[in-house]
Amino acid sequence: MDKFTTLTGIAAPMPLVNIDTDMIIPKQFLKTIHRSGLGKNLFDEMRYDAEGKEVPDFVLNQPAYRDAQIIVAGDNFGCGSSREHAPWALLDFGIRCVISTSFADIFYNNCFKNGILPIVLPKEAVDALMDDARKGANARMTVDLENQNVTTSDGQSFAFEMDPFRKHCLLNGLDDIGLTLEKSSSIDAFETQMAQSRPWV
């Protein structure tokens with residue numbers, strides 16, 4: 001998993017509330033077990049019409065936001081059914097951070113396991129960040145995980161709370177497997193001891 005330290009990038013404004021996981025990645029794309037390739041279907045039913053053509057008004061189809069790495073969203077982002085494909089699709093598109101007033105618990109937890117930083121801020125702060133995101137590609141937002149703040153293109157800064165363990169994992173690029181591999185020497189020592197003391201197992 002890629003480390004998350006500081007990100008400066010384009011933020012896409014998505015003021016919709018209750019953006020659920022089926023909107024993020026519709027159910028017909030859940031057949032794959034691969035994390036790559038889902039970015040093209042991110043927000044599929046909002047990005048494309050019935051003939052598969054891009055919907056020009058959708059934010060991620062607009063030239064200013066095609067390379068967005070941050071989403072500033074309305075309340076309750078990631079609600080709906082549990083599907084890890086949702087953060088997979090976001091990450092494959094290039095999104096590394098989502099900012100909202102609240103997230104669904106399962107989606108929130110899945111983000112950390114896939115290298116995406118979900119940030120919860122009060123409505124006043126999200127509104128200010130939304131306004132900054134609406135300025136387009138020339139307005140770059142900076143997310144600093146080490147110092148736990150988000151800074152707008154004009155220098156407004158908003159501090160956010162973060163669980164220390166989750167922060168450690170993102171800063172060091174550690175998913176569940178990475179955390180286990182950190183203990184590999186202890187695991188190897190245990191297995192050697194067990195092989196010697198209980199060779200019949």
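**Figure 1. Overall view of the predicted chain.** Of the 201 residues in the chain, 45% are buried. The model is predicted. Eight helices and seven strands are present in the chain. Taken along the principal axes, the box filled by the C-alpha atoms is roughly 65 × 40 × 25 Å. The chain exposes about 10,600 Å², and carbon and sulfur atoms supply 52% of this area. Among contacts in the chain with a separation of 6 or more, 66% are accounted for by residues 24 or more positions apart.

Figure 2. An unreviewed UniProt entry assigns residues 1-123 the annotation "domain: Aconitase A/isopropylmalate dehydratase small subunit swivel". Helix makes up 22% of the chain over residues 1-123, and strand makes up 17%.

Figure 3. Seven strands form an open sheet in the order S4-S3-S2-S1-S5-S6-S7, and the pairing is mixed. Strand S4 (117-120) and strand S7 (157-159) stand at the edges; each has a single partner strand, so one side of each is left without a neighbour in the sheet. From one strand to the next, the twist averages 25 degrees. As background, strands of a sheet pair through backbone hydrogen bonds, in either a parallel or an antiparallel manner.

**Figure 4. Pairing of strands S1 and S5.** Strand S1 (residues 6-14) and strand S5 (residues 140-144) run antiparallel and are joined by five bridges. Gly9 has Met141 in S5 as its bridge partner. Thr8 also lies in strand S1. The C-alpha atoms of Thr8 and Arg140 are 6.2 Å apart in space, although the two residues are 132 residues apart in sequence. When residues up to four places away in sequence are not counted, Thr8 touches Gln69, Arg140, Met141 and Thr142. With a relative accessible area of 45%, Thr8 is partly exposed. In a regular strand, side chains alternate between the two faces of the sheet.

Figure 5. Three bridges pair S5 with strand S6 (residues 149-151) in the antiparallel sense. Thr142 has Thr151 in S6 as its bridge partner, and Asp144 stands opposite Asn149 in S6. The two strands form a hairpin with four residues between them. Gln148 is found in the loop between S5 and S6. The phi of Gln148 is near 55 degrees, a positive value in a residue other than glycine. Most residues other than glycine have a negative phi. Gln148 has a relative accessible area of 17% and is therefore buried, the cut-off being under 20%.

Figure 6. Asn76 is placed in the loop between S2 and helix H3 (85-93). Although Asn76 is not a glycine, this residue has a positive phi of about 65 degrees. Asn76 counts as partly exposed because its relative accessibility is 24%, which falls between the limits of 20% and 50%.

**Figure 7. Helix H5 and its cover.** Helix H5 spans residues 123-133, and its buried residues include Ala125, Val126, Ala128 and Leu129. Met130, Asp132 and Ala133 in H5 are buried as well. The cover over the buried residues of H5 includes S1, strand S2 (70-73), strand S3 (97-100), S5, S6 and S7. In an α-helix there are 3.6 residues a turn, so residues three or four places apart point the same way.

**Figure 8. Cys97 and Cys111.** A disulfide is a covalent bond between the sulfur atoms of two cysteines. The count of disulfides in the model is zero, with a cut-off of 2.5 Å between cysteine sulfur atoms. Cys97 is in no disulfide, and the cysteine sulfur nearest to its own, that of Cys111, is 9.3 Å away. Likewise, Cys111 is in no disulfide, and its nearest cysteine sulfur is that of Cys97. Cys97 counts as buried because its relative accessibility is 0%. Cys111 counts as buried because its relative accessibility is 0%.

Key
Residues are numbered from 1 along each chain as its sequence is written. This is a predicted model: local features need pLDDT of at least 70, side-chain atom pairs count only at pLDDT 80 or more; totals for chains, interfaces and linings use all residues. Side-chain values use heavy atoms; hydrogens and water are left out. Two strands pair if DSSP finds at least two bridges between them. Buried means under 20% relative accessible area, exposed over 50%, partly exposed in between (1.4 Å probe, protein chains only). UniProt positions are given in the numbering used here, feature names are shortened, and annotations may be inferred rather than shown by experiment. Contact means heavy atoms within 4.5 Å. Accessible areas come from the Shrake-Rupley method with a 1.4 Å probe; for residues, only the protein chains shown count as cover. Axes are lines fitted to C-alpha atoms, for helices over the stretch in contact, and angles run from 0 to 180 degrees between N-to-C directions.
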